[in-house]
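Here's a quick tour for anyone meeting this structure for the first time. Have a look at it before reading on.

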Amino acid sequence: MASIVERSVRLPRLALVTRILFAVFLFGTGIMTMSFAINGYPVGESPDEVGRFMIAIGKTGYLIFWVGLFKTLVGGLMFFQRIAALAILMSLPYAFNILLYVTFFAHQYLVIGLPDFAACALLIYCYFDWYRPIFAGPTALSVPESQGVENAF
């Protein structure tokens with residue numbers, strides 16, 4: 001039987017601090033996003049481009065509540081070391097979407113969007129040993145119970 005490979009975290013102290021801060025950010029903004037979905041977006045009398053965009057999203061019935069719930073769930077999962085690697089991977093589509101949003105549309109939020117994506121990218125780098133089996137090719141190991149049995153899988 002093959003030995004179990006120890007999965008380590010690169011830059012463990014930096015990864016821990018970044019993971020906790022990113023988890024707090026996701027959890028807090030997830031709750032805030034859900035409240036916006038329920039109560040509406042706070043926009044002024046004459047909203048700017050971003051305000052008009054958020055009003056349009058609210059009118060179309062965009063699934064903003066579910067996005068907030070997902071962010072809250074992922075942020076909560078990141079607090080637990082055992083499932084942090086999964087939670088980090090789950091947060092990547094959100095972080096990439098925010099990066100695109102602040103780069104092409106809401107430039108005033110670059111201060112939030114860039115560190116958000118950078119934290120996710122850094123955490124993926126730190127936890128890359130956990131994701132290595134995804135990129136590994138097929139193994140030559142066989143399952144002992146399936147030898148000699150047709151259609152074992």
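## Before we start

This is a predicted model, so to speak of local features needs pLDDT of at least 70 and side-chain atom pairs count only at pLDDT 80 or more, while totals for chains, interfaces and linings use all residues. Residues are numbered from 1 along each chain as its sequence is written, and side-chain values use heavy atoms, with hydrogens and water left out.

## Helix 4 and helix 5

Let's begin with helix 4 (residues 84-104) and helix 5 (residues 110-126), whose axes come within 9 Å and cross at roughly 150 degrees. That makes the two helices roughly antiparallel (angles over 145 degrees). Helices here are DSSP runs of H or I with at least four residues, numbered from the N terminus. Axes are lines fitted to C-alpha atoms over the stretch in contact, and angles run from 0 to 180 degrees between N-to-C directions. The crossing is left-handed, meaning the near helix is turned anticlockwise from the far one by less than a right angle.

On the helix 4 side, the residues in contact (heavy atoms within 4.5 Å) include Ile88, Leu92, Phe96 and Val102. Among those they meet in helix 5 are Leu114, Phe117 and Leu123. By class, this contact has 14 nonpolar residues, three polar and one charged. Ala, Val, Leu, Ile, Met, Phe, Trp, Tyr, Cys and Pro count as nonpolar, Asp, Glu, Lys and Arg as charged, and the others, Gly among them, as polar.

## Helix 4 and helix 6

Helix 6 (residues 128-135) also has its axis within 9 Å of that of helix 4, and they cross at roughly 70 degrees. That makes helix 4 roughly perpendicular to helix 6 (65 to 115 degrees). Ala85, Ile88 and Leu89 in helix 4 meet Trp130, Tyr131 and Ile134 in helix 6. The residues of this contact are six nonpolar, no polar and no charged.

## Helix 1 and helix 4

Helix 1 packs against helix 4 at about 55 degrees, with the axes 12 Å apart. This crossing is left-handed. Arg19, Phe22, Phe25 and Leu26 of helix 1 make the contact with Ala84, Ser91 and Tyr94 of helix 4. Five of the contact residues are nonpolar, one is polar and one is charged.

## Where helix 4 lines a pocket

Which helix gives the most to the lining of the largest pocket? Helix 4 does, with six residues. By class, the lining has 20 nonpolar, six polar and two charged residues.

Note on methods
Parallel < 35°, antiparallel > 145°, perpendicular 65-115°, else oblique.
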